[in-house]
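Please find below my notes on the model you asked me to look over. They are set out as numbered points, to be read with the structure open beside them.

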Amino acid sequence: MSRRGSYGVDAPGALIGLVAGAVIALIATVAAFAAGWWIAWLLLLCAAYSVASAACYAHTTSRGKFAVWSDELAKLRLDGAERVLDLGCGRGAVLTMAAGLVPRGRVTGIDLWRSVDQSGNAEEATRRNAEAEGVSGRVDLVTGDMRSLPFEDGSFDLLLSSLAVHNIPGGEGRERAITEAYRVLAPGGRLRVADFQHGEEYASVLRRLGAEDVTVRDLGWRFWYGGPWFGTRMVSARRPA
Ligand SMILES: C[S@@+](CC[C@H](N)C(=O)[O-])C[C@H]1O[C@@H](n2cnc3c(N)ncnc32)[C@H](O)[C@@H]1O
């Protein structure tokens, strides 16, 4: 799976924190060994853990999430004419991949382009990535908040979102985002929301709204943001036909 675009780093502040922690732990370990302190062995364990955690995060944001989404989109067996919406599309990692699978469809991405959530996040960067991946002709980008979607009811056959809904502070706001996502889904439409928090919360909102086949499942180590305690889960649902 080779990608021609440039997709930045998710929550760059978190990765910087992990790398800084690893560097500090390594320096402390070397100093403690030089001084002959027994605590050096404990520091060595901390350093190893910090390095592994930073490496795991870097792998997920640059390769792992792409591999997982590639598998997830393949499983959907799209017919190629779907209207797709990506909530919080950022620089278009999932958006452009989905657009590659719907040669007769359209893919819309909506975002507030917050650079704290993804490095270099900007509508222009996403447009450049759509061009680089050869899908710009079927991609629409909209600046907006996923809690209030500027689309008609039932406008999309497939609703996607990756690591975006958790950025909304407060359960009420996230409930609004999931309710909006369900509103714009066409009868028979499918929803796939990947997130590293609140999966069960999204699922219970969807069940309340009448969605069918609502499930929450773990997406495995390739989607760990630093370790298993920051693993990502996929919420799936379908709107009755
Ligand atoms: C970690 S990035 C993930 C981007 C992209 N889905 C990906 O996987 O590469 C989270 C994205 O959610 C967007 N976002 C956060 N809150 C939002 C909101 N209320 N409405 C729309 N987008 C939002 C951010 O601007 C950012 O692009």
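This is a predicted model: local features need pLDDT of at least 70, side-chain atom pairs count only at pLDDT 80 or more; totals for chains, interfaces and linings use all residues.

1. Residues are numbered from 1 along each chain as its sequence is written.

2. Strand S4. Helices (H or I, at least four residues) and strands (E, at least two) are DSSP runs, numbered from the N terminus. A residue is called buried if 20 or more other C-beta atoms, placed from the backbone, lie within 10 Å of its own, exposed if 12 or fewer do, and partly exposed in between. Seven of the seven residues of strand S4 (residues 156-162) are buried, so S4 is largely enclosed by the rest of the structure.

3. Pairing of the strands. Two strands are said to pair if DSSP finds at least two bridges between them. Strand S1 (residues 83-87) runs parallel to S4 and is joined to it by four bridges, with Ser161 of S4 as the bridge partner of Leu87. S4 also pairs with S5 in the parallel sense, over six bridges, and here Phe156 stands opposite Leu185 in S5. S1 pairs in the parallel sense with S2 as well, over five bridges, and Thr108 in S2 is the bridge partner of Leu85. Four of the five residues of S1 are buried, so S1 too is largely enclosed by the rest of the structure.

4. Helix H6. Which residues of helix H6 (residues 199-209) are buried? They are Gly199, Tyr202, Ala203, Val205 and Leu206. An α-helix has 3.6 residues a turn, so residues three or four places apart point the same way. The face turned away from the buried side carries the exposed residues Glu200 and Arg207. The buried residues of H6 pack against helix H5 (171-183) and strands S5 (185-195), S6 (212-218) and S7 (233-238), where contact requires C-beta atoms, placed from the backbone, to lie within 7 Å. H6 is followed by Gly210, whose phi is positive, near 100 degrees.

5. The nonpolar core. A nonpolar core is a set of buried Ala, Val, Leu, Ile, Met, Phe, Trp, Tyr and Cys residues joined through C-beta atoms within 7 Å. The largest such core has 59 residues, and those with the most contacts inside it are Ala98 and Ala181. Helix H2 (residues 40-75) gives the most to this core, with eight residues. Leaving out residues up to four places away in sequence, Ala181 touches Leu87, Leu159 and Leu191.

6. Two backbone angles to look at. Most residues other than glycine have a negative phi. Leu163, in the loop between S4 and H5, has a positive phi of about 55 degrees although it is not a glycine, and with 25 C-beta neighbours inside 10 Å it counts as buried. Arg77, in the loop between H2 and S1, also has a positive phi, of about 45 degrees, but with 7 C-beta neighbours inside 10 Å Arg77 counts as exposed.

7. Two loop residues. Leu219 lies in the loop between S6 and S7 and counts as buried, with 20 C-beta neighbours inside 10 Å. Not counting residues up to four places away in sequence, Leu219 touches Val68, Ala194, Thr232, Arg233 and Met234. Glu133, in the loop between helix H4 (123-132) and strand S3 (139-143), is partly exposed, with 18 other C-beta atoms within 10 Å. With neighbours within four places in sequence left aside, Glu133 is in contact with Arg4, Gly5, Thr96 and Gly100.

Key:
Two residues are in contact if their C-beta atoms, placed from the backbone, lie within 7 Å.
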